[in-house]
Each structure stands twice: as C-alpha cells, then as structure tokens.
Amino acid sequence: MASIPPEAAAARCRIEIDKLRKGFLASGNEGDREVVAVDDASFRINDGEFVALLGPSGCGKSTILNMVATLIAPSGGAIKVDGAPVTFGKPERHVGYVFQKDTLFPWRTVEDNIGYALELAGVPSGERRGRVAEAIHQAGLDGFARFYPASLSGGMRQRVSLMRTLIANPEILLMDEPFGALDTHTKLDMHSVLLDLWERQRQTVLFVTHDLGEALTLADRIILLSARPGRVKQDFRVDFARPRDAVALRETRQYAELFSRIWHSLGEEFTKSRNA
Amino acid sequence: MRRIATLLWQVAIGLGALAIWEWGWALHDRLPWLVPDLLDPYFVSKPSAIFQQFLGMSCLVGRDGTWSFATDGAFAKCMGRSDNNLWIATWFTLKNTLWGFLTGVSSGFVLGLLLGRSDRLSEIFYPYITAFNSVPRIALAPIIILAFGIGDASKIVTAWLVVVFLVFFNTFEGARSVDRDHINAARLLGASEWQVTRTVIVPSTMAWLFASLSPAISFSLIGVIVGEFIGAEHGIGRMIIEAEARGEAAGMMVAVFVLMIAGVILSALVRRVQAYLLRWRPAQQLSA
C-alpha cells in the first residue's frame, strides 16, 4: 500500500488550536504566582493525520492534550474539534483518549474493560461479545479475556487500554504518552500493535511523547514544542512510507537523517529547560 | 513443615490452657503462691463441667444422664421444657445478628456514598455525625430497649446502630478516594454522571465496604448480646444473665463458647464472601 499524503486527502481540518494558553497558580513562600505551562500554541491537524507532540518534560504537551480532551480548562485561546469549539468537562463522543497511567478498572476483567464503552452505549450483549472478542484477538490478547488487570503485564494492560478506547471507533484519538512507562522492548512491540491497528481505521491521532524515536516511528508529522512555556517551535513532516515496520524503520538512512535533524532542535530545548 | 509445627504449637497451647483450667484449682490449696485463686470453679467452672452442662442444655443428654436420642421423644420433650433453650437462643441471637448486619451494612453504605460524594451534604452533616459517633453506642442500648420493647426489634436496632457507623465511615473514606483518573476515563469513554456513579464510584467504594464487613459482623453480634443482656425473651445474652442469676458458672461458659463458635463461623463466612468479591485485587491480604 502506498502512503497517502495527508494534504492530498481533501485536508479536512479536525483539530484546530489557536493561541492556546494555560497558566497555573503556584503557591510559594513569596505568595502565589502564575506559572505559564502553555503559551500561544497554535496548530491544525487534518483528517487521518498521525501527529506527535514532542518536547522536553514540563513543556506543557500533556496540558495541551488534556485541554483538547476537555479535562483541563484553557486560560486563553481556542480549541476547535471539527470546527466546533470544545467545552470543558464535555468530552466529544467521537474522540478517544488513552492515558499514560494505567486507568483500567481493576474490578473488571479484560473483556469487561474492553466492552465498557459499548456497555455504556447500550450495545446489546450479543453484538458486544462479538466485537470484544474481535478486539481481544486484534490486540493479541487471546486467552486473557477473563483475567483481571492485576494479573497482566504492563504491556498487556496498555493493549487492553488501547482496545478499550478503540472499540468505540473514535475518529479522533488523543494519546498521552501511552507507552511512557514501558520498557524499550515492550514499547517497540506496542508500536507495531498500534501501527497495525491504525492502518485499519486511519484515525486522526494526536500523540504526546518525549521520545523522538517513538514519534518518528509512528507519526506523519512531529510538532516540536519549546521548553516552558510551551510554544510550537517547529513542525516536521515525517514522510516514511506506510505501512511501517517499527523495527526495520529504525535502521534506514532517512530515519537516521531526520532523527539527527530533530534531535538537534530538541537538544536546544532540553538545554533551555535545564537552565530554566 | 512450618505449618505443621505451628499447628502442633496451637494444639499444645490449647490443651495446656484447658488442663490448667481443669486441674489447676486443685493445686491452689497446696501451692497458693503458684496458682492464683482466679481459677476457683465456682466462678469460672471447669472444662469437664462446662461440657456436661452443654450436653444438658442442648438436650443431647437428658436429666437422667442418658442420650436423648436413645429414647423416643426425649429430645423434643427436653426442648419443650424451656422456650429459651440453647438451640432457640442461638437461633434468635444469630437471626438478629444477621439482620443488624444487613441493615447496618446497607444503610451505612448508602449514607457513606451520599455524603462521601457530596461536599455540600458532608459539610452540613459533619457536626451531627461527629457528635453521634462520640456517643458510646452501648450507652444507648437501654433507651432502645425502652423504645422498641424486649422483642427482636430492639436487638436489631442496637446491632444496626453499632454497625452503621463503622460501615458509614469506611464507605465515606472509600467514596472520597475514588481514583480521579478512573472517573475521567469513564467520562472520556462516554459515561454520563449516573453511569460514572454506577460503574466507577460504586464498585471502587465497594472495595472499602468489603473491608469493613468482617468487623461489622462481629460488632453486630456484640450489639445483639448487649441488647439481650438488658432485656430479652430469647437469645444467648439472656441465657448468660439467667445463668448468672442462678450462680451457674458452667451455664454462662457454655453460652460464651457458643458465642465464640458462632463468631468464628460468621467471620469465616464473611471473609469467604469478601475474598470472592475482591478477587480482582492483587494478592489481597484479607485475613488479619
């Protein structure tokens, strides 16, 4: 399958972020003062694009994501999903979210966790069972349907998390460093799983990470944020052919070239955030 | 190996204690500096007498000293002699304990959930809850008997009162400490407020509720017994009071042993239920 350049596919804008700003009130000995986490961040994401939001820790990338997810209220600026402004505390139906932290419901088995969204939507149990079984199979979790999360490994839990979100067929997927807590090997494994799943649906993805290798492996575009306060520093296009092989890709020359280009820019921000 | 050794120790200690109880008092006259007069059989009876008393009170052995089941109708006749015989007393005490437990647990859970999830309500009711909680519940038992009579109702109310606060505070804490991220995850997966309550807040609070079940059943039994002490027609508590009035140490001890066995069985059952309901927890330490 040839790669489809996102701009060729009608380029419908799905997420639009305009001069977004977020300040937190931090209390200290010398009284309260505002810490600006995100300042004047603007970018757009088109339909079917896989965009990685990359930056040093503390640059506000998760804050941006959480504002899009309506978990945090912005202090200024605008967020539009499919042309309509989002409201704090009112998540959009067709937007899925994957947490970094394990947020599986520990009292539900793997199948009941994955089927949760369908249960909420009132999908009849017969249809639900079928879709859950398929999701379990897609994520390579066969045989674990009746297990509780506590008895699964970190990687498996994150697969369940992924399927719990994907089963509702969200058109837009927000992911907050979902593989941040996994070891290198498991992470690579999850990249393959995610790429494979994404190829089927080609959701619009906003993926927060501080791992450049991960961003290059997965994304069509990498938006590099500056150190705090987070602003869009640079916007890189990653036009490696799809479908990608998460492991083989890392050995190619184009990967190495783009890696070093972005690495240099990222390095400047790391230095800044260290001296800040 | 270790388990066998532990078991041997346990058996040895149990038998040792029984032996001292049975024969120790006889040594008191000869060695008063070694054996305290605490063991006077008049006050604490002794194991063999307690066992004899048990056989008689339970109607297993008739007054003539023969096994009741050897003679037709002897058991029924013995049972008919008292409307508070050991079996009936145990039945009443257990029944009321269970009712106190069920009503206490369910109402404590609902109250804890309501106040735990509503800052407004908990703010308003805070002084009242603190005030009521500061009253030793047992002090209310005589008032409850006065109000509800000497029947089952007063025992259930006493037990309820003891259980409800325990469960309430556990549930309250649980409801307050529901993981924010679980609630967010549910919302982002499309849950309405009511669905969040039903599928996240209730199940995660349940874990706290279950942790309080084991003490709750013991507390309930205490509540019932205290109620029976003060005024009752049936029950083990009344049986103890009656034996005391007659100066029958053995009779009191039989009642205490029955309560001990009932307590152990009830706790074990509750722990079973608890372990099953909390099976999703990693290596949950339920015993203790």
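A:Val81 stands opposite A:Ala84 in strand 5 of chain A, in a predicted model where strands (E, at least two residues) and helices (H or I, at least four residues) are DSSP runs numbered from the N terminus. Strand 4 (residues 76-81) of chain A and strand 5 of chain A pair in the antiparallel sense over two bridges, two strands being counted as paired if DSSP finds at least two bridges between them. Because the model is predicted, local features need pLDDT of at least 70 and side-chain atom pairs count only at pLDDT 80 or more, while totals for chains, interfaces and linings use all residues; side-chain values use heavy atoms, with hydrogens and water left out. Residues are numbered from 1 along each chain as its sequence is written, and chains are lettered from A and ligands numbered from 1 in the order in which they are written.

**Strands and sheet of chain A**

- Elsewhere in chain A, strand 9 (residues 221-225) and strand 10 (residues 232-237) pair in the antiparallel sense over five bridges, and the two form a hairpin with six residues between them.
- Within that pairing, A:Arg221 stands opposite A:Arg237 in strand 10 of chain A.
- Strands of a sheet pair through backbone hydrogen bonds, either parallel or antiparallel.

**Backbone features in loops**

- A:Asp82, in the loop between strand 4 and strand 5 of chain A, has a phi near 55°, a positive value in a residue other than glycine.
- With a relative accessibility of 29%, A:Asp82 counts as partly exposed, where buried means under 20% relative accessible area, exposed over 50% and partly exposed in between, with a 1.4 Å probe and protein chains only.
- B:Ser45 likewise has a positive phi of about 55° although it is not a glycine; B:Ser45 lies in the loop between helix 2 (41-44) and helix 3 of chain B, and is buried, with a relative accessible area of 5%.
- A cis peptide bond, with omega about -10°, joins A:Arg242 and A:Pro243, and A:Pro243 is placed in the loop between strand 10 and helix 8 of chain A.

**Nonpolar cores**

- The largest nonpolar core has 82 residues, and those with the most contacts inside it are A:Ile114, A:Leu162, A:Leu216 and A:Ile222; such a core is a set of buried Ala, Val, Leu, Ile, Met, Phe, Trp, Tyr and Cys residues joined through side-chain atoms within 4.5 Å.
- The largest share of this core, nine residues, comes from helix 10 (residues 193-230) of chain B.
- A second, separate core of 30 residues includes A:Ile15, A:Ile172, A:Leu174 and A:Leu206.
- Leaving aside neighbours within four places in sequence, A:Ile222 is in contact with residues including A:Ala52, A:Leu54, A:Leu212, A:Phe236, A:Val238 and A:Ile262, contact meaning heavy atoms within 4.5 Å.

**Cysteines and the disulfide**

- One disulfide is counted over all chains, a disulfide being a pair of cysteine sulfur atoms within 2.5 Å.
- B:Cys59 and B:Cys78 form this disulfide, with their sulfur atoms 1.9 Å apart, and the torsion about the S-S bond is about -75°, so the disulfide is left-handed.
- B:Cys59 lies in the loop between helix 3 (47-57) and helix 4 (74-81) of chain B, and B:Cys78 in helix 4 of chain B, so the pair ties together parts that are 19 residues apart in sequence.
- B:Cys59 is buried, with a relative accessible area of 2%, and B:Cys78, at 12% relative accessibility, also counts as buried.
- In chain A, A:Cys13 counts as buried at 18% relative accessibility, and A:Cys59 is buried with a relative accessible area of 1%.

- An automatic or database assignment of domain bounds divides chain B into domain 1 (1-39) and domain 2 (82-277), whose centres, taken over C-alpha atoms, are separated by 36 Å.
- B:Ala185 lies in helix 9 (residues 180-188) of chain B and is buried, with a relative accessible area of 1%.
- Not counting residues up to four places away in sequence, B:Ala185 touches A:Phe99, A:Thr103 and A:Arg164.

**Confidence**

- Chain A averages a pLDDT of 89, with 96% of the residues scoring at least 70; pLDDT is the predictor's confidence in each residue, from 0 to 100.
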